[in-house]
Amino acid sequence: MLGFGSTLAATLLSLGALFSILSYLVIHGIGAINWAFFVNEPAAVGEAGGGIAPSLLGTAILVTIASLVGVPLGAGVGIYLSELAGDTRFARFTRLAINTFIGVPSIVAGIFVYFILVKPTNTFSAVAGGLALGIIMIPIMARTAEDVLRLVPDTLREAALALGAPRWRVTMGVVLPAARAGVITGSVLAVARVAGETAPLILTALGNEYYPSGLFYPVDEITLRILKYARGPYDVWHEQAYGAALLLVFGVALGSLLLRVTTRGYDVRND
Amino acid sequence: MPHRTSQTETPNGASVSLLRKLPTSRGRSDRADQLFHTLIIAMVWIVLATFAAVFLVLIEGAWPAVRRFGVSFIVGTGWDPVHLTFGALPFIVGTIVVALGAMILAGGIGLLTAICVTELLPRWLQAPVAYLIELLAFIPSVVYGLFGLLVLAPFLQATVQPWLLEHLGPRFEIFNGPPYGVGYLCAILILAIMLVPLIVALSREALLLVPISQKSGALALGATPWEIVWHITLPYARNGILGAMTLALGRALGETMAVAMTIGGGYRLPTTVMDQGYTLASVIANEFNEVSSDTYLSALIYCGLILFVLAVGVNSLAYFSLRRLAGARGFRA
């Protein structure tokens, strides 16, 4: 059957692409991963023995700042859209805004933060990078939070209201805890997604060979390091780029797998 | 990753909240309710204001270039930072060519893969294979760029491009270019791999929405499995699949890093598939930190503005067409 044969071929092609990328990462990257990789600063240009420790720290800092901005605001909008929004123009507009900005290229957020923070303060900074990532995180978080809160059945809300709980208590004390697993999953996935962003950081955090001197100084991130090393002419750099990429992909995949396993039962299937 | 909501929605998409319909509670908790309400609304306002600010900052940053170059920026082809003449047409063309090229590849392969996973594979195999393909979506853009730059580009340069040049070049001008490795071909291939998981996931959702009754009916009438797919499943899921493709196109237009690392870099309109070039997003990423004048910076922001309008336009198209044709069950992407 030619039809199904082509579908099978396509599937094998897709899986083949995945496996070739992963195997290249593993084969070329595993050699770079050692203790020095995790604790050392980058070595002199082209020399071996360096590490990506500042990048790891920078990633942690940027992701933390981004989460502080993106998770509360995004969850707040999600709560609004799911629990408090009536059929008003404001609600429709909010939903439209969220759905529009989910599709905006991430570099636009970088341009925005460049103009409102980097240019006035005359410095690239971790705060700017974190802010840009946080802005990107807001629509993702809002969409996820709304979806997850919607899944909580109305009967729970009715029961709480019947017992005399005030509306804020129903939302914060009943609905949110019921959706807790989904919200956590959503946040972690949003964080993972944002941790892989590079373009906005080029314009805001810039990158750094050393540990950042403070939050208002340029900071390196694991993706920025991959970018720099991949484009360089040195083999050691390429090796370290593969290693960093392997680390990144492995971390994200592991995190998502763990989440999948621990939060079963939150999907609605249609049969 | 997309999934469905379980509650039905009113036509405009806003489920009238249960809490909204009831009168406010009385007594001490009334103030707490008001506070909560105000807090949440304040957060929404902050977010909306931020979005508005992003749009306004883009316009403000691009304004000097808009005023100086106007429409000639969109149709002009010279990009000269030294003499300060800027024309972004090559970037606009580059963005569209790369996005469309990747879409055609990824759309075909992705849809066929989705059909295979939902219709051909046995039940126990469907979830693991689908998960593996979704794994492709978790690979960050810069890692795709790494793979494209260090693996695919040398491979293209060594084998594929010389072959194209030798066998198809003499007859088709589009293959008659110098084998750089990086360039449009490399970027299109890498972007296509990036889009496949998105298309597979969304198409799968659309295909799974087809009611079994339709398929059983066709089976009872004597249709073969392939005929069921071709005549029943695909037409029924057609709207969802089209929405998925449009969404993927929106994503392709804005993709920055993987393209920036594999497209080479050039300011001319593409004539062959092996040319180097730029897309709107990748030119900003590559040149932003090297601007030598305010006009240069403003010109790059102008590119960002065009990109913003393009991406928002395509995504709105996808969103509205998906919503309109979703049917009784909310289908969200």
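Helices (H or I, at least four residues) and strands (E, at least two) are taken as DSSP runs and numbered from the N terminus. The model is predicted: local features require pLDDT of at least 70 and side-chain atom pairs count only at pLDDT 80 or more, whereas totals for chains, interfaces and linings use all residues. Residues are numbered from 1 along each chain as its sequence is written, and chains are lettered from A, with ligands numbered from 1, in the order in which they are written.

By these criteria, chain A contains 12 helices and 0 strands. The C-alpha atoms of chain A occupy a box of roughly 70 × 65 × 30 Å along the principal axes. Of its 271 residues, 52% are classed as buried; a residue is buried if 20 or more other C-beta atoms, placed from the backbone, lie within 10 Å of its own, exposed if 12 or fewer, and partly exposed in between. Chain B comprises 12 helices and 2 strands, in the order α-α-α-β-β-α-α-α-α-α-α-α-α-α from the N terminus. In chain B, 47% of the 333 residues are buried. Contacts are assigned where the C-beta atoms of two residues, placed from the backbone, lie within 7 Å. Among contacts between residues at least 6 apart in sequence, 74% in chain A join residues at least 24 apart; the corresponding value for chain B is 77%.

At the interface, 77 residues of chain A are in contact with 87 residues of chain B. On the side of chain A that touches chain B, helix 1 (residues 2–29) of chain A gives the most, with 14 residues. That side of chain A divides into 48 nonpolar, 18 polar and 11 charged residues, where Ala, Val, Leu, Ile, Met, Phe, Trp, Tyr, Cys and Pro count as nonpolar, Asp, Glu, Lys and Arg as charged, and the others, Gly among them, as polar.

Beyond its neighbours within four places in sequence, L195(B) is in contact with residues including A102(B), M103(B), A106(B) and A248(B).

Helix 8 (residues 212–220) and helix 9 (residues 225–254) of chain B pack at about 160 degrees, with axes 10 Å apart; axes are lines fitted to C-alpha atoms, for helices over the stretch in contact, and angles run from 0 to 180 degrees between N-to-C directions. Helix 8 of chain B is therefore roughly antiparallel to helix 9 of chain B, a term applied to angles over 145 degrees. Q214(B), K215(B), A218(B) and L219(B) in helix 8 meet I228(B), I232(B), T233(B) and Y236(B) in helix 9.

N122(A) lies between helix 5 (106–121) and helix 6 (126–151) of chain A, and is exposed, with 7 other C-beta atoms within 10 Å. L206(A), in the loop between helix 10 (199–204) and helix 11 (222–231) of chain A, is buried, with 21 such atoms within 10 Å.

Methods. Angles under 35 degrees count as roughly parallel, over 145 as roughly antiparallel, 65 to 115 as roughly perpendicular and the rest as oblique.
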